[in-house]
Amino acid sequence: MPESPNSPNSPNGPNAPIEFQDERKAGRLLAVEDGTAVGYIAYFVLAEPPHALVAVHTVVEPGHEGRGIAGGLVRTFYGLAGAEGVPVVPLCPYAASWAAKHPDEAPVAPAEVVAAAKAQLAADSTRW
């Protein structure tokens, strides 16, 4: 039987539902609960086509861990990329681990796109 969104065992736990907000210009996908950011993925858009979304860090704020927020962020991130028709490059260890566990939801980016993402990150690593 599906869990209620506010069930203690649901991905959002017993609190308010988590909303995901893409702040593209800031390079963040936010997880927001009751108007407060409780987690985020820091990312950038690959400068060259296919303009992949590149996940660099996944963060869940202290006190909000263990509620499925990080997984929800990564799932939403892949959903955004899919809707835009671009690949995801999960350079963040958490996002890469999540992707490996969910191959049906997280297609592997072509090797040349991964190399381009790593090169772009290396060229501007102080930003990330």
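Biologist: What is the relative accessibility of A37, and how should I read such a value?

Modeller: The general idea is a scale in which buried means under 20% relative accessible area, exposed means over 50%, and partly exposed lies in between, with a 1.4 Å probe and protein chains only. A37 has 38% relative accessibility, so A37 counts as partly exposed. Before going on, please note that this is a predicted model, in which local features need pLDDT of at least 70 and side-chain atom pairs count only at pLDDT 80 or more, while totals for chains, interfaces and linings use all residues. Residues are numbered from 1 along each chain as its sequence is written, and side-chain values use heavy atoms, with hydrogens and water left out.

Biologist: Where is A37 found, and with which residues is A37 in contact?

Modeller: Strands here are DSSP runs of E with at least two residues, helices are runs of H or I with at least four, and both are numbered from the N terminus. A37 lies in strand β3. Contact means heavy atoms within 4.5 Å, and, leaving aside neighbours within four places in sequence, A37 is in contact with L30, A31, V32 and E61. A37 and V60 are 23 residues apart in sequence, and their C-alpha atoms are 9.1 Å apart in space.

Biologist: How many helices and strands does the protein chain have, and in what order do the elements run?

Modeller: The chain has 3 helices and 5 strands, and from the N terminus on they run β-β-β-β-α-β-α-α. Of its 128 residues, 38% count as buried. Among contacts between residues at least 6 apart in sequence, 45% join residues at least 24 apart.

Biologist: How many bridges join β1 to β2, and how do these strands run?

Modeller: Two strands pair if DSSP finds at least two bridges between them. In this case 5 bridges join β1 (residues 19-23) to β2, and the two run antiparallel, with E23 standing opposite R28 in β2. The hairpin they form has 4 residues between the strands, and G27 takes a positive phi near 70° there.

Biologist: Which residues touch the most other members of the largest nonpolar core?

Modeller: A nonpolar core is a set of buried Ala, Val, Leu, Ile, Met, Phe, Trp, Tyr and Cys residues joined through side-chain atoms within 4.5 Å. The largest one has 21 residues, of which I41, F77 and Y78 touch the most other members. At least two residues of this core come from each of β2 (28-33), β3 (36-45), β4 (53-60), α1 (69-84) and α2 (93-101), and the largest share, 6 residues, comes from α1. A second, separate core of 10 residues includes F44, L46, V56 and V89.

Biologist: With which residues is I41 in contact, and is T58 buried or exposed?

Modeller: Beyond its neighbours within four places in sequence, I41 is in contact with G27, R28, L29, A55, H57, T58, L73, V74 and F77. T58, found in strand β4, has 18% relative accessibility and therefore counts as buried.

Biologist: Why do the buried residues of α3 line one face of the helix?

Modeller: An α-helix has 3.6 residues a turn, so residues three or four places apart point the same way. In α3, V113, A117 and L121 are buried. Seen down the axis of α3, its buried residues fall within an arc of 75°, so they line one face of the helix, where the arc is that of the directions from the helix axis to the C-beta atoms. On the other side of α3, A111, E112, A122 and A123 are exposed, whereas what covers the buried residues includes β3, β4 and β5 (88-90).

Biologist: Which residues of α2 are buried, and against which elements do they pack?

Modeller: The buried residues of α2 are A95, W98 and A99. Viewed down the axis of α2, they fall within an arc of 100°, so they line one face of the helix. They pack against β4, α1 and β5, while the face turned away from them carries the exposed residues P93, A100 and K101.

Biologist: Where is P107 found, and at what relative accessibility?

Modeller: P107 lies in the loop between α2 and α3, and at 57% relative accessibility P107 counts as exposed. P107 and P87 are 20 residues apart along the chain, and their C-alpha atoms are separated by 7.5 Å.
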